[in-house]
Amino acid sequence: MRGQSVMPYGLRPMDWDDLDQVASMEKEAFPTLWPPTSYRREMKNKLAEYTVCVQDGEYVTVENKSGKRRLFGLLGRRRGEPTVLHRQMLVGFVGLWFMAGEAHIVAVAVRESYRRRGLGELLLIGAIEMGLRRGQEVVTLEARVSNEAAKALYAKYGFKEVGLRRGYYSDNNEDALIMSTDKLTSEPFQAIFTERREAFNERYGEADRLYM
């Protein structure tokens with residue numbers, strides 16, 4: 001893929017008709033997570049924002065959720081509205097909560113069959129861009145202490161270890177590292193981020209990002 005100008009994947013905001021696909025990806029990536037995330041609640045959370053990664057030219061059939069959010073679901077769908085939709089296939093997602101100047105990554109996942117294609121890195125770039133767009137000071141996250149690949153990726157983008165949450169993961173009582181960027185608008189961070197993003201685009205191609 002090196003040297004291509006356009007990446008065959010893109011990022012866009014999550015919407016109601018994506019919820020089943022996102023829940024399926026969460027179950028695959030985090031099989032021991034309980035209870036599962038209520039993405040219907042997250043869609044109504046003004047402090048949360050989710051972005052999905054789509055594959056160009058690949059579509060799936062999903063249930064039309066639009067009628068379920070209209071007037072508490074009592075009115076149903078409009079006459080003639082389809083019960084199923086053909087939607088772009090989702091191959092990953094990232095979720096953030098925005099609190100007190102901090103964009104906190106609460107979840108990031110890529111379908112197992114689509115890993116090692118740069119999509120996790122693309123989603124991280126998207127999360128940082130979303131934090132900048134929202135005027136946040138820093139981006140933070142938790143990472144398993146044993147997840148060397150994830151920690152290396154975060155360090156590559158300027159995240160530093162700033163704390164530890166003991167027994168954070170309920171499946172095996174593993175500790176979590178708290179990692180944070182420097183101030184997003186600082187010259188040192190901007191230099192790192194610009195360099196890493198340009199290197200990513202050179203390697204994989206530039207992805208469409210509809211939140212920009």
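A: We can start with a pair of strands. Y169 stands opposite E174 in β7. This is a predicted model, and every value below is computed from it.

Q: In which sense do β6 and β7 pair, and over how many bridges?

A: Two strands count as paired if at least two bridges are found between them. Here β6 and β7 pair in the antiparallel sense, over 6 bridges. The hairpin they form has 4 residues between the strands.

Q: Is N173 buried or exposed?

A: The cut-off for exposed is over 50% relative accessible area. N173 has 57%, so N173 is exposed. N172 lies in that loop too, between β6 and β7. At 44% relative accessibility, N172 counts as partly exposed.

Q: How many helices and strands does the chain have?

A: The chain has 5 helices and 8 strands. Read from the N terminus, the order is β-α-α-β-β-β-α-β-α-β-β-α-β. Of the 212 residues in the chain, 43% are buried.

Q: How should I read a helix such as α3?

A: Begin with the general idea. An α-helix has 3.6 residues a turn, so residues three or four places apart point the same way. Then check length: α3 has 15 residues and reaches 21 Å from its first C-alpha to its last, close to the 21 Å expected at 1.5 Å a residue.

Q: How many residues of α3 are buried?

A: Buried means under 20% relative accessible area. In α3, 12 of the 15 residues are buried, and the helix is mostly covered. Among the buried ones are L119, L122, I125 and E129. Just after α3, G135 takes a positive phi of about 75 degrees.

Q: What is found in the loop between β4 and α3?

A: R115 and R116 are both located there. Phi of R116 is near 65 degrees, a positive value in a residue other than glycine. R116 is exposed, with a relative accessible area of 82%. R115 counts as partly exposed, at 35% relative accessibility.

Q: Which residues does R115 touch?

A: Leaving out residues up to four places away in sequence, R115 touches E28, A29 and V110. R115 and V91 are 24 residues apart in sequence, and their C-alpha atoms are 9.2 Å apart in space.

Q: In which sense do β4 and β5 pair?

A: They pair in the parallel sense, over 3 bridges. One of the bridges can be located by its residues: E102 has V138 in β5 as its partner. β5 is mostly covered, with 6 of its 7 residues buried.

Q: Which peptide bond is cis?

A: Omega describes the turn about a peptide bond. A cis peptide bond joins W34 and P35, where omega is about -5 degrees. P35 is found in the loop between α1 and α2.

Q: How much space lies in the largest pocket?

A: About 1,600 Å³. The pocket is lined by 48 residues, and the closest to its centre are F30, A107, V108, A109 and Y154.

Q: Which element gives the most to the lining of the largest pocket?

A: β4 does, with 7 residues. Other elements supply at least two residues each, including α1, α3, β5 and α4.

Q: What classes of residue make up that lining?

A: The lining of the largest pocket has 30 nonpolar, 8 polar and 10 charged residues.

Methods:
Residues numbered from 1 in each chain as written. Predicted model: local features only at pLDDT ≥ 70, side-chain atom pairs only at ≥ 80, totals over all residues. Heavy atoms only, no water. 1 Å grid on protein atoms, 1.4 Å probe; cavity = no way out; pocket = protein on both sides within 12 Å on 5 of 7 lines; lining within 4 Å. Points joined across faces, edges and corners; volume = space filled by probe spheres on them. Nonpolar A, V, L, I, M, F, W, Y, C, P; charged D, E, K, R; others polar. Buried < 20%, exposed > 50% of the residue type's maximum accessible area, 1.4 Å probe, protein only. Expected span 1.5 Å × (residues − 1). Contact = heavy atoms within 4.5 Å.
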